Amino acid sequence: MLKTVDIQSLSLSRGERLLFQGLSLRLSAGEAVALTGANGAGKTSLLRAVAGFIRPDAGTITFSGGPNAGPGLDGEALEPETARREGVHLLGHLEGLKPTRTARQEFDFQTAWLGGNPAARDAAIARLSLTPLLDLETRKLSAGQKRRLSLARLIAAPRALWLLDEPLAPLDERWRAVAAELMAAHLASGGLILAAVHDPLPVSARSLDLGGLA
Amino acid sequence: MRAVRVLFGRELSLAWGGGGGPLLACGFMLCLTAILPLAAGGDPRVLAPAASGASWMALALASLLSLERLFERDLEDGALDLLTLGSLPLEATVAIKAVAQWLATGLPLALAAPVAALALGQQAHLIGLTALAAAIGGLGFAFTGALGAALALGARRGGLLIAVVVLPLFIPPVVFGAGALTRAADGGDPLSALALLSAYVLFAMVIAPVAGAAAIRNAQG
């Protein structure tokens, strides 16, 4: 089980443009960090670097945890690729839904693929009131409905680190409140959240400002 | 194991859903076969010797059709991120997708290949061998095709690029596969050519997942 993420003097660039350098951040179990900054400051890139999709120019991203981790104990360092495949959820701008498949087919695939269990799956469907949506093709879902499906994925396949990119943007008031409850519950159970946001996160979180355009 | 099963299920459902992709590939192959007599004339003395070669060429071209779908759509809609974060290594994901591609497209084409070859005047007793060679070769097409599709990820007009990248890699299976049939048609033993074909396919099955996964990671960055 993943307990901490340690980012040390990280430098990221996209193409020729340097986004930021020397960024250090430590995230422990039960903590949330809200990434803020102007459009193009590198919030999404940082999330994708933590997920392992972007190779940093310099610096390291390490994960620790394991059975020996507990309060005050980091446990041992985890092999990054395994840590990501077993402990990381990424909720990005794109929901990864195939337009011609039904929400049920896609949700069941994503949940099983990410290592979810049937009980958590049913709980997630109930929590986000997905039952009326499940038989629709995903191209018929609104942006908010697709986002609810993605939020359900987060709880149907329990993983420690949630990387959230503008998680609340397409949601209305009611579902923003539900998302806030899900995040609070995740933190309370020892989860970690790193979220790129423009509005404040609805849970208590440290803030990390990536600034304007570098 | 459950992850392997659900990914297979998804890939097959995507291949068959929305317009019967495999039937399209078979139709394309039979159309190519029908064009040859119109272009070269209907004389069986011309067509029959070329039957194995022409049917293998049609097979190779038809195998290209659905390769663009393999990774490009998953990259565009974000599903590739999800696939990368799944419980299986990306190499296994590429291999599963390639095998599913073979099941969905390669095997139907292997069933249609004898029809194409017969229509061009191939001897009837070679039906079984034609289908067998096409099935083995199709596995090679699926794996080398997956590699090409991964390499072309993110490029504009990727479909055309895949064809240019992949067709040279299709040459060995075409040589060995069509060679086995020509051999058998001349009364020889097709086994050595089939063994070479299988060797190439095994080689592709080892190389393509590793190289394909590396290409996908590169495209995601």
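## A salt bridge in chain A

Asp122(A) and Arg121(A) form a salt bridge in which the closest N and O atoms are 2.7 Å apart. Asp122(A) counts as partly exposed, because its relative accessibility is 44%. Arg121(A), by contrast, has a relative accessibility of 19% and therefore counts as buried, since buried means under 20% relative accessible area. The structure described here is a predicted model, and every value in this report should be read with that in mind.

Arg121(A) also takes part in a salt bridge with Asp108(A), where the closest N and O atoms are 2.5 Å apart. Because Asp108(A) lies in helix H3 (residues 103-113) of chain A and Arg121(A) lies in helix H4 (residues 118-127) of chain A, the pair ties together parts that are 13 residues apart in sequence. Asp108(A) has a relative accessibility of 28%, so this residue counts as partly exposed.

## Chain A as a whole

Chain A contains 6 helices and 9 strands. For its 214 residues, a compact globule would have a radius of gyration near 17 Å, and the value for chain A is 17 Å, so the two agree. Taken along the principal axes, the box filled by the C-alpha atoms of chain A is roughly 45 × 40 × 30 Å. Among the contacts in chain A with a separation of 6 or more, 70% are between residues 24 or more positions apart.

Of the 214 residues in chain A, 53% are buried. As for charge, chain A carries 24 positive and 22 negative side chains, with the centres of the two sets lying 5 Å apart.

## Chain B as a whole

Chain B has 9 helices and 0 strands, and its pattern, read along the sequence, is α-α-α-α-α-α-α-α-α. The radius of gyration of chain B is 18 Å, which is close to the 17 Å that the globule rule gives for 221 residues, so chain B is as compact as a globular protein of that length. Its C-alpha atoms fill a box of roughly 55 × 35 × 30 Å along the principal axes, and residues 24 or more positions apart account for 79% of the contacts in chain B with a separation of 6 or more.

Buried residues make up 50% of the 221 residues in chain B. The accessible surface of chain B is about 9200 Å², and 73% of this surface belongs to carbon and sulfur atoms. Chain B has 11 positive and 11 negative side chains, and the centres of these two sets lie 3 Å apart.

In chain B, the side chains of Asp74(B) and Arg10(B) meet in a salt bridge, with a distance of 2.9 Å from N to O. This pair links distant parts of the chain, since Asp74(B) is in helix H4 (residues 67-76) of chain B and Arg10(B) is in helix H1 (residues 2-16) of chain B, 64 residues apart. Asp74(B) counts as buried because its relative accessibility is 2%, and Arg10(B), at 1% relative accessibility, likewise counts as buried.

Salt bridges that share partners join Arg10(B) and Asp74(B) into one network with Glu11(B), Asp77(B), Lys97(B) and Lys98(A). Over all chains, the count comes to 21 salt bridges.

Methods. Residues are numbered from 1 along each chain as its sequence is written. Chains are lettered from A and ligands numbered from 1 in the order in which they are written. This is a predicted model: local features need pLDDT of at least 70, side-chain atom pairs count only at pLDDT 80 or more; totals for chains, interfaces and linings use all residues. Side-chain values use heavy atoms; hydrogens and water are left out. Helices (H or I, at least four residues) and strands (E, at least two) are DSSP runs, numbered from the N terminus. The radius of gyration is taken over C-alpha atoms; the globule rule is 2.2 Å times the number of residues to the power 0.38. Buried means under 20% relative accessible area, exposed over 50%, partly exposed in between (1.4 Å probe, protein chains only). Contact means heavy atoms within 4.5 Å. Lys and Arg count as positive and Asp and Glu as negative; His and the chain ends are not counted. The place of a charge is taken as NZ of Lys, CZ of Arg, CG of Asp or CD of Glu. A salt bridge is a side-chain nitrogen of Lys or Arg within 4 Å of a carboxyl oxygen of Asp or Glu. Accessible areas come from the Shrake-Rupley method with a 1.4 Å probe; for residues, only the protein chains shown count as cover.
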